[in-house]
Amino acid sequence: MDNNEHSLATTLKSTLGNRMLALESNQSEVMLSLGSWEWPEAACMLRDHPALSFTQCINICGHDASVHKGDWCGRRFSATYYLRSELC
């Protein structure tokens, strides 16, 4: 994790706290996992926090975990939001 990713991760942790289920870094991307019930409030925080300013949603991908045939123990459906910030 480089300095920018570390700084982003620290800001996300302090801003979202226990709303996060997981926080990972992979190939210069920071991945944040939230429960669906947390998304509306967290989305506003990601947009409005002055050090984050995620103002653009680049893509949304839906996932159906039923294709995992028995090796998946979470919810069947999930979504991934790809967000962009000029600051991060």
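Two residues are in contact when they have heavy atoms within 4.5 Å of each other. By that criterion, and leaving aside residues up to four places away in sequence, Leu87 touches Pro50, Ala51, Leu52 and Ser53. The model is a predicted one, in which local features need pLDDT of at least 70 and side-chain atom pairs count only at pLDDT 80 or more, while totals for chains, interfaces and linings use all residues. Residues are numbered from 1 along each chain as its sequence is written, and side-chain values use heavy atoms, with hydrogens and water left out.

**Overall architecture**

The protein chain has two helices and four strands, where helices (H or I, at least four residues) and strands (E, at least two) are DSSP runs numbered from the N terminus. From the N terminus on, these elements follow the order α-β-β-α-β-β. The C-alpha trace of the protein chain spans about 40 × 25 × 25 Å along its principal axes. Of its 88 residues, 19% count as buried; buried means under 20% relative accessible area, exposed means over 50%, and partly exposed lies in between, with a 1.4 Å probe and protein chains only. Among the contacts in the protein chain with a separation of 6 or more, 42% are accounted for by residues 24 or more positions apart.

**Helix 1 and its surroundings**

Helix 1 has 14 residues and reaches 20 Å from its first C-alpha to its last, close to the 20 Å expected at 1.5 Å a residue, the expected span being 1.5 Å times one less than the number of residues. Its buried residues are Glu5, Leu8, Ala9, Thr11, Leu12, Thr15 and Leu16. Seen down the axis of helix 1, these buried residues fall within an arc of 165°, so they line one face of the helix; the arc is that of the directions from the helix axis to the C-beta atoms. Asn3, Lys13 and Ser14 are exposed on the other side of helix 1. The cover over the buried residues of helix 1 includes strand 1, strand 2, helix 2 and strand 3. Just after helix 1, Gly17 takes a positive phi of about 50°.

Val30, in strand 2, touches Glu5, Leu8, Leu12, Leu23, Glu24 and Ser25, not counting residues up to four places away in sequence. Ala42, in helix 2, touches Leu16 and Leu34 under the same exclusion of residues up to four places away. His6 belongs to helix 1 itself.

| Residue pair | Separation in sequence | C-alpha to C-alpha distance |
|---|---|---|
| Ala42 and Leu16 | 26 residues | 6.9 Å |
| His6 and Ser25 | 19 residues | 8.9 Å |
| Leu87 and Leu8 | 79 residues | 9.6 Å |
| Val30 and Thr55 | 25 residues | 16 Å |

In terms of accessibility, Ala42 is buried, with a relative accessible area of 0%, whereas Val30 counts as partly exposed at 25% and His6 counts as partly exposed at 48%.

**Leu87 and Ser53**

Leu87 lies in the segment after strand 4 and, at 53% relative accessibility, counts as exposed. Its contact partner Ser53 is found in the loop between helix 2 and strand 3, and is partly exposed, with a relative accessible area of 21%. Most residues other than glycine have a negative phi. The phi of Ser53, however, is near 55°, a positive value in a residue other than glycine.

**The largest pocket**

A pocket is here an open set of points on a 1 Å grid over the protein atoms alone, where a 1.4 Å probe fits, with protein on both sides within 12 Å along at least five of seven lines; lining residues have an atom within 4 Å of a point. About 1500 Å³ of space lies in the largest pocket, the volume being the space filled by probe spheres set on the points, which are joined across faces, edges and corners. The largest pocket is lined by 37 residues, of which Met31, Leu32, Ser33, Thr80 and Tyr81 lie nearest its centre. At least two lining residues come from each of helix 1 (3-16), strand 1 (20-26), strand 2 (29-34), helix 2 (39-48), strand 3 (54-64) and strand 4 (77-85), and strand 4 gives the most, with nine residues. The lining divides into 21 nonpolar, ten polar and six charged residues; Ala, Val, Leu, Ile, Met, Phe, Trp, Tyr, Cys and Pro count as nonpolar, Asp, Glu, Lys and Arg as charged, and the others, Gly among them, as polar.
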